[in-house]
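Student: I am new to this structure. Could we go through it in questions and answers?

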Amino acid sequence: MSGISLKKQWLAAIPEAEGYPTSPTGFKQLIQSTLDFLQLHELAATMWVKLPKKAVWRTDFERYAQRRKDAVIYSLERGDPLPPPFPGWQPIPMDLESDLTQEYLFLVLAEGFACTFLAVRQAPTAELNPTASRSQLTLYCSLSTVIPRAFATTLQQFVQAAKLSTVPRNGPKEAPLRQA
């Protein structure tokens, strides 16, 4: 499934979208704050994530899933996915050559609430910005269902490619994203 870029799909859905500079720490803090919001308001959510492999990126999701037994978190993972670290975590393998390697996703759909954060790693170029860091990310944010609808076909392709026989109870088989 090479050639797929969530950033390109985002910009096709919202051409005027602006990206904001952030760091991996800033992106992780957005995730933590959103999960805290979901817990505070006792919202069960279906989430799609593509995160760095380090276990520290999953700890907040595990804390959320312990309190919300009905939470489902689909995790796009490069290569052979690791075993699910906790109930509700659904690893979905991706092609190692996917264009998504420099993109990180956090998409949430809950009753009456939707948000999507896409962080894109920028390759530093010495000519343009000699002080640019490899850890610099450009962050795109949406609090609507426009982006989840734009990503629905792509995410379903990953599910089909992974040959998942069933999608958990709150993730329909035909469309992995339900409207909030």
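Student: In which sense do strands β2 and β3 pair?
Tutor: Strands and helices here are DSSP runs, numbered from the N terminus, with at least two residues (E) for a strand and at least four (H or I) for a helix. Two strands pair if DSSP finds at least two bridges between them. Strand β2 (residues 45-50) and β3 have four bridges, and the sense is parallel.

Tutor: A note on the source: this is a predicted model, where local features need pLDDT of at least 70, side-chain atom pairs count only at pLDDT 80 or more, and totals for chains, interfaces and linings use all residues. Residues are numbered from 1 along each chain as its sequence is written, and side-chain values use heavy atoms, with hydrogens and water left out.

Student: Which residue in β4 is the bridge partner of Glu77?
Tutor: β3 also pairs with strand β4 (residues 89-94), in the parallel sense over six bridges. In β4, the partner of Glu77 is Pro93.

Student: How many residues of strand β3 are buried?
Tutor: Buried means under 20% relative accessible area, exposed over 50%, and partly exposed in between (1.4 Å probe, protein chains only). Strand β3 (residues 72-78) is mostly covered, and of its seven residues the buried ones number six.

Student: How many disulfides does the structure hold?
Tutor: A disulfide is a pair of cysteine sulfur atoms within 2.5 Å. The sulfur of Cys115 is too far for a bond because the closest cysteine sulfur, in Cys141, is 8.9 Å away. The number of disulfides is zero.
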